[in-house]
Amino acid sequence: MSESSFNLPMWLWVGCLIAVVAGVIALALAFHSSAREGWLWLIVDFVVFLGIANGAIGWAAVFRVAQTRWAGAVNRLGHAMIFYMPLLFGVLIALLIGVEKFVPWVEHPIPEKAAWLNVPFFRIREVVSLGLLWILFGGMVSRSLTLDAKTRSGERIASEEHYRLTAISVTSVIWYTIAASIVSYDFIMSLSPKWVSTMFAPYFWVTNLYMGMAFLILSASLLRNVTGARDYLGPEQFHDMGNLLLGFSLFSMGLFFAQYLTIWYENLPEETHFLVLRYDKSSWMWLGWAAFIIGYGIPFLLLQSRHLKKSSGLSIIPAVLVLIGVSLERYVLIVPSVQPGHLAIYPLGAFGALAFLGALVLTFCIFLRRYPPISSADVALKESDMVLEVLQ
Amino acid sequence: MGMAAAGTGLASVGFSRLIPFIHQPDEIIPGVSTWYATSCRECPAGCGMIVRNRDARVVKCEGNPYSPVNRGKLCARGQAAVTGLYDPDRIKSPMRRTEQGQLVETSWDDAFASIGNVLSRRPRIAFLTDLQTTSLNSLMKAWLSAFGSDRLITYETINYEYIKAVNGGVVPSYRIDQSDFLISFAADFLETWVSPVEFARQFSVMREVKNRKRGTFVYVGPRVSMTAANADLRIILPPGMSTSFARSIIDGRTIPGIRESDVRTIAQGLKSASRPLILPGLDADSARAASILEGFRTSTLVNRNRPHALTSSATSSELQALISDMENGRIDMLVIYNANPVYSLPEASRFAKALKHVRTVISMYSVMDETTTLANWILPSNTPLESWGDYSPYPGQTNLMQPTMGTLFDTRQTGDILIESARSAGINPVRTFRADSFYEFLRRQWGFPVASGEDAESVSPEWESLVQRGGRWSETGAAPPASGTGVLPKEESSTNREELRLWAFPHIYFYDGRGANRRWLQEIPEPVTNAVWGTWAEIHPSTARKMNIRTDDMLEIAQGGIKVQIPAFVWEGVAPGAIAVPIGEGHSKYGRFASGTGVNILPLLTTPYPAVKVRRLGASKWVTRIRGSDKQHGRDIVQTVAISESLERTSRIRLPLPEGYGKEDFYPGHEYKNHRWAMTVDLNKCIGCHACETACYAENNVAVVGPEGIWRRREMTWLRIDRYIDWKESSPILFQPMLCQHCDAAPCEPVCPVYASAHSDEGLNMQIYNRCVGTRYCSHNCPYKVRRFNWFDYQWPSPLHYQLNPDVTVRSRGVMEKCTFCIQRIREAEMTALRENRNLRDGEVIPACVQTCPTGVYTFGDLKDPNSKVSRIVQSDPRAYQVLAELNTKPAVIYLKRIVERPGR
Amino acid sequence: MTNQALRDIDDQVLGTLGRPSIRYMLVLGLFALLMLIGVIAYGFQYALGMGVTGLSVPVAWGVYITNFVWWIGIAHSGTLISAILYLFRTKWRNGINRAAEAMTIFAIMTAGLFPLIHLGRVWVFYWLLPYPNWRHLWPNFKSPLVWDVVAVSTYFIVSLLFFYLGMIPDLATVRDNTRDGRRRRLYTLLALGWTGRYEQWRHYARSYLALAALATPLVISVHSVVSWDFAMSLIRGWHTTIFAPYFVAGAIHSGLAMVITLLIPLRKILRLERILMPYYFEQMALLMILTGLIVGYSYGVETFMSWYSADIFERQFWMYRAFGSWAYSPLFWIMIFLNVAVPMTFFVKKLRTNLKYLLIAAILVNIGMWIERFVIIVVSLSHDYLPTSWGDYAPRFVEVWVTGFSFGLFFFLFLSFVKLFPCIPMSELKEQAIEEQRAIQERV
Amino acid sequence: MSDKVRVRAKFENLQGLEDSLRKLKGMGIRHYETYAPVSIKHLEELMPDRGSTVRLWATIGAILGLVSFWVMSSKASLIFPLVVGGKPPVSNVPFVVVMYEGTILLGSIAAFISGIVLARLWPRKPPSMYDPKWSGSEFGIEVECKDEEKGHVLELLKASGAVDLYGD
């Protein structure tokens, strides 16, 4: 197949740039009005968009690991996230510089946990874990692209090249879980440093994949026409993606419930205070449950319909709901730790998200413009060398 | 509680039948318990006792609140008296030894006929009895003199002769409560020494903190006994070193192995104290040490003009004399009552041989024991609980004893046996003893002679009230007859530090061995070692290391040809160079529970603390003891506060009430209508004596599982005393009563699939036995591990089952059980209040443990009533805390921190 | 040529239903004997009480509950393979799902016995069931044990329906190929007059799909519920939020291991080499890498969190479990090795394609998962809050023999099943064969 | 109707069946029924009646389960409103578990029963016309057509490779 027929319309360029600028200004104002608010928003945006980006590209890795033959186009959409990562890395650095400003355990240190909760180590592990993750993802993308080039130029590809791509995908999937866990510990759990829950990290990265899949569906149905990947993004693919989204909404709800139930049942203060504040005894609970219903409940019900799943147009609805709901949930997970008591919303900061969004769309499109919309390496998968077929 | 006087009627009631009676005696109303006052005869202390008779069976013993000795409290031994009464191995009828030499049952008539016949030939009689005072004592004297003898020997294994020796021939009375500086030379006055319950109460008074001060207590001795564990300072010396230590206190010369800072502290304290008190221990060395310090600083709290009954116990020399007389055939008849020299005499074997030279040996003990089996006549007398009688521990303070139930077997009162035998020897009792029965004799002694034709109606009311109150207690009275004054042996020039000294100490429950057939006492752990069902030999780690002995290694202890095998128990609680072994176990014949359990160390005690050869055998035997770690592992379970530290409440209390639920709780908790029962446990008062645990066994029909059960960690006790050891602390051994905490958010409740573990509307955490299916999840989820599971159907061999409390279910196999806060007592009180239609008064509900605690550790009451004692303590006492509060179970048992000398680490 | 392929499948599968060999019967008898001994041992316990076990007050759950969790875990892969993989349209499932489902059914039956066996008063076990009664006494629906009852019985019923429904067409095949009267009558009865009319297939397929769709979330929930039997408690080592997914992964882990353990010998004994291709086992091995990784991740998170919680009980308990006890700590490390390290070797293609190695590894994982449950249950209980109530536990002979009974029962049932019913789903294999042919024709 | 006749044929492979069905459909014959050893979903559009209400029944069952199990657990807890461990008698968090299981239980049972009932399956012998091979490797077809069409149908079936034909 040919180079992408996809070139960015002017309005998109402009729109994204405006969004970025507006967002940056909004954040600046937020910082100006109160530094804590600014930092909070930076964390929230970072965590949300990191989740989406890693989730989407994570799926590309997962599909590769699962040797999924229908995911040729979807994978490439995932790959497209790679251009976004440098920007996120920039934000990460900014956060790491300002870490003393927003983590509570700097002014009220906890000696027993000092070995983990200390600023230098915080910075090191964040840079290492995310940096390594992105290097792995990058490697995966470039491998896949080179394989593409070869297939298109009609060279025959040695199976160990395929194997190498699979191998790096496996590695990045495994490392993804670890890196994501560390992010969840540092940017969410450590903000209320007395709280512990073994479930939290898995919950975090599972919901990230959830968001990632939502994003993939969204971008797929928006771009299938323009990128010329139409015949690789047919109703079958949407049905499969829809089912995955459905499965993950159920799974995420399960994890959420498992954590909630366990903590509810024994009612141990060092566990409960976190959940009680967000879901039981304060005005935060409204936002908390709203996020849950928007992000998980409604999509679950919608996705029951086969018709909706199959249609590229309709499946946008659950996808968008998921993205909104889970982002709200992130907000509820982060902000009350610093802003307990009653529900607090910062409209100003909310605009900051525009910057991240704009940048995401921009980088995403740029990638898709430069590289073919279908990863023929995945299409070319043969029965012979298939690995782990769970998710087929 | 209504105490009733037993008329003459009761003793004659036939008890073989169960309620309802055909002729129902007026005292006995089915389902209603009657309390009879009597005296405890488990040891020479002579506590007043009231006994609960329910449906004509004795079910529980408690302290007599009128008795000045124990003021309504009772120790473990006293409460176990009832199991002595129901010992399944009691002698059921008189027995005689045939020519072939075996014992056969016989009738009283036959017995009296033949014995009277012997007596009529005026034999040379010696009478060996345990400590008896007033009436029975004088009857014995009269009986002997009737046959021209005066050889009445009061045989007490622990005869206090060295104490008498340093106190002018008497065992004085002490006022520990008034002391501000107390030194005890191996005198375990909280366990066995003279009058434990009395002293426990006095001690707790002495230890009360008044404006940041309290009496100091120093313990000097070879072993950290329970008493020592309660001291502020312990000087642990090898046996025989106390004397030189006492000297060092006076002249300041330090002796090796003792921190001179300690010596200085003691000397300082002794000088500065306004009312010091020095208690002499049982052995010569301790007694001498005490007397030396007495000389240095005389105490006003020792009253030699008010001697204790123990004064009349015979000295060893008298016993020597008796034995040699027996050997030389100078004695034809030996009458033995409640004395067991064949078990307890150091030269037991010699005594046993000597018995062969006595033509007629009569034993009147009610249980078969080592001595009784050698008698050729056994005339079983009633147990004290079945008898009339009296006992006065101090001059003028006399407990009156009455039968608390009819006789179980074909036994008779000791006094009546004597009178009858005399009659059958042709003596007219009315002329000789001025009484036809012991009851009449007793009445006369007390100045209320039985009028002719007297019946239940015409009994004099004074007498009635005496019997009802259980005695007469005046400050003055006749001193007990002093048997020979003891003499201190010459002081040993120097104790050889190389050889091991055997330190045999009376067991807190078995005393001199008489308690060993009470299975409660076997099952309840010895306070400091937690050992049960057996004997152990304590060795200091340093010593043990030298001989490479580890705990549970079987040791052979040899002295003068006698060898015994005892498993080792290695711990820091005993002086290096000493090997400490408890007295009281190792009976060969004393009922099924005592026989073959443990080892008898007494035969080795030719001198108070003999040098022994100790050899480690290859074999090993597990020292039967309660398992589990004895460290706190930094978990802050028993919390302490130094007397110097400021007394603000540091720990937050999560009340077991709606207000106890806060921001971090998911749910609102309970609404209580009338009551919310709760308890406070003052760890500062707890001395670790396990009286409460015994009370719980008695009240709640708690099963006994035996050594195997203990080994499998299946003890059934509802209330246990946890003990934690840390030798670096100023109070190295800490006791903590642990019972069901009746949590408000009880973790055990929700996990039960069938609601067998539920919560009552009075805050009690209930276990519904007949709903329980036995998943045992509740036990797991109980962080205090106070729930007990019935692994088998546990047995009460007849007649022990008579003791079962009819108000409490006996749990069957496969169900969980646990402390109920004595719900049956709560209900009884509520019913009474209802009947008198009034509200329940604070302190009206008294669970068994609360009732008996000699030092008043527990306070029980309604937390919902803000003025109840318990509420006030919980609100105001700065020492209040909850065990494992971080688990947010909101326990209703609130502990008060123990006050220690130095702050904990 | 079509029907040659189909006939092939029939012939091979129907071949398995032939008269069993003497050796086969002997093995069967051996398991029967094992059951007998177990029954006697249990009778002993029933007569005397739970005291004949090694249980005590700190450790009142032991081998029995370990077995329960382990067997339930085994039961999981069955439905996983037949339902989840069905939804994912995974081809290699078709060869093995029947055997896996049978394994599920028998494993649940075996597992279900243990809660009863460990009950203090088993004669009133029905009090745990929700049934209307005149005393209005109902179970406590807040108790994890009741959830357990509900979940496990649901799981049993649903898997049974799924299993039976899936077997109907094959039963018809067997019916049409059986001469012997009695057996034929049995199959006729069970085949419910299946004729393969389109109308039947139509509803049948829908109903099968629906059951698969419902069974999938069920699998996840059941072992979560089992994990909550522990996670709802406040015992350290039990009360942790990750337990649900951790147990589910563990269950599937052990389940797959058990399928491998059963099928590798089976294909030899029943000469099914041509149907049960090595490729299937490779796929399962790869799945086990995934589950193994999840289990390993859980171990890691648990360890980190027990430190991070800075809770004295958590930290001390973890130290005790890992290093504190001569008896238990080795088990902990063995568990990690068997459950995580061993499956990781499947990354090597040579190893995962070697059936002998696969069999050994699978057995090792089975052992490892049993040890994991033992460590979780017993070790956690033996060191709880008050040091004075610490204790330890070792099973006694009754428990050992009753455990033996469970194995006897399971294998007895499974081996008898294999000889009575088609252990390979013929119709699905045929469908697959036809699809492949159609695909080929399309290419042509 | 009297003038209706039944024609049966057997095919050794699916293709035969498939294209005979096509032809029949083309002929506008409405009433035919196939017999197959496997599920032939992909021929759905060739079949006279398609679709199934099983999914609906399953959904109904599931909802029923959800509700009924919630009612059961709440009602049961209210008979003796015991507060255990501080948890109120009706606490829905734990009840979710029970409801979840109930949903699946009744849902599955509904799916199963509806499937069995709609497919008219009950213990009985197959009809006499049934050929045992149809559960093995061969395919069958039964056409109901007017008498005059019969010849044509037989023709058609033979043409698409029916191995043996028999009509009444």
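Author: This is a predicted model, and in it Lys271(B), leaving aside its neighbours within four places in sequence, is in contact with Phe296(B) and Arg297(B).

Reader: OK, and which helix does Lys271(B) lie in?
Author: Lys271(B) belongs to helix 8 of chain B, which covers residues 260–272.

Reader: How many Å separate the C-alpha atoms of Lys271(B) and Thr551(B)?
Author: Those two C-alpha atoms are 42 Å apart, with the residues themselves 280 residues apart along the chain.

Reader: Switching to chains B and C, what is the area buried between them?
Author: About 4500 Å² is buried between chain B and chain C, and carbon and sulfur atoms give 57% of that area. On the side of chain B, Arg635(B), His780(B) and Arg813(B) supply 17% of what that chain buries against chain C, which is more than any other three residues. The contact draws 54 residues from chain B and 58 residues from chain C.

Reader: And how many salt bridges are there between chain B and chain C?
Author: There are two salt bridges between these chains, and Lys785(B) forms a salt bridge with Asp384(C), where the closest N and O atoms are 3.0 Å apart. As for polar contacts, the count between chain B and chain C is 39 residue pairs, both at pLDDT 80 or more.

Reader: Which elements give two or more residues to the chain B side there?
Author: Those are strand 28 (720–725), helix 22 (777–781) and strand 32 (788–789) of chain B. By class, the side of chain B that touches chain C has 24 nonpolar, 13 polar and 17 charged residues.

Reader: What about chain D against chain B, how much area is buried there?
Author: Between chain D and chain B the buried area is about 860 Å², with 68% of it given by carbon and sulfur atoms. In chain D, the residues that lose the most area to chain B are Leu82(D), Val84(D) and Gly85(D), together 49% of what that side buries. The count of salt bridges between these two chains is zero, while two residue pairs are in polar contact across the interface.

Reader: Last topic: at what angle do the axes of helix 10 and helix 11 of chain C cross?
Author: Their axes cross at roughly 85 degrees and come within 6 Å, which makes helix 10 of chain C roughly perpendicular to helix 11 of chain C. Among the residues making the contact are Trp318(C) and Phe323(C) of helix 10 and Phe332(C) and Trp333(C) of helix 11.

Definitions and conventions: Residues are numbered from 1 along each chain as its sequence is written. Chains are lettered from A and ligands numbered from 1 in the order in which they are written. This is a predicted model: local features need pLDDT of at least 70, side-chain atom pairs count only at pLDDT 80 or more; totals for chains, interfaces and linings use all residues. Side-chain values use heavy atoms; hydrogens and water are left out. Buried area is the accessible area (1.4 Å probe) that two parts lose on being put together, summed over both. A salt bridge is a side-chain nitrogen of Lys or Arg within 4 Å of a carboxyl oxygen of Asp or Glu. A polar contact is a pair of N or O atoms within 3.5 Å; within protein, one must be able to donate a hydrogen and the other to accept it, and residues adjacent in sequence count only if both atoms are side-chain atoms. Axes are lines fitted to C-alpha atoms, for helices over the stretch in contact, and angles run from 0 to 180 degrees between N-to-C directions. Helices (H or I, at least four residues) and strands (E, at least two) are DSSP runs, numbered from the N terminus. Angles under 35 degrees count as roughly parallel, over 145 as roughly antiparallel, 65 to 115 as roughly perpendicular and the rest as oblique. Contact means heavy atoms within 4.5 Å. Ala, Val, Leu, Ile, Met, Phe, Trp, Tyr, Cys and Pro count as nonpolar, Asp, Glu, Lys and Arg as charged, and the others, Gly among them, as polar.
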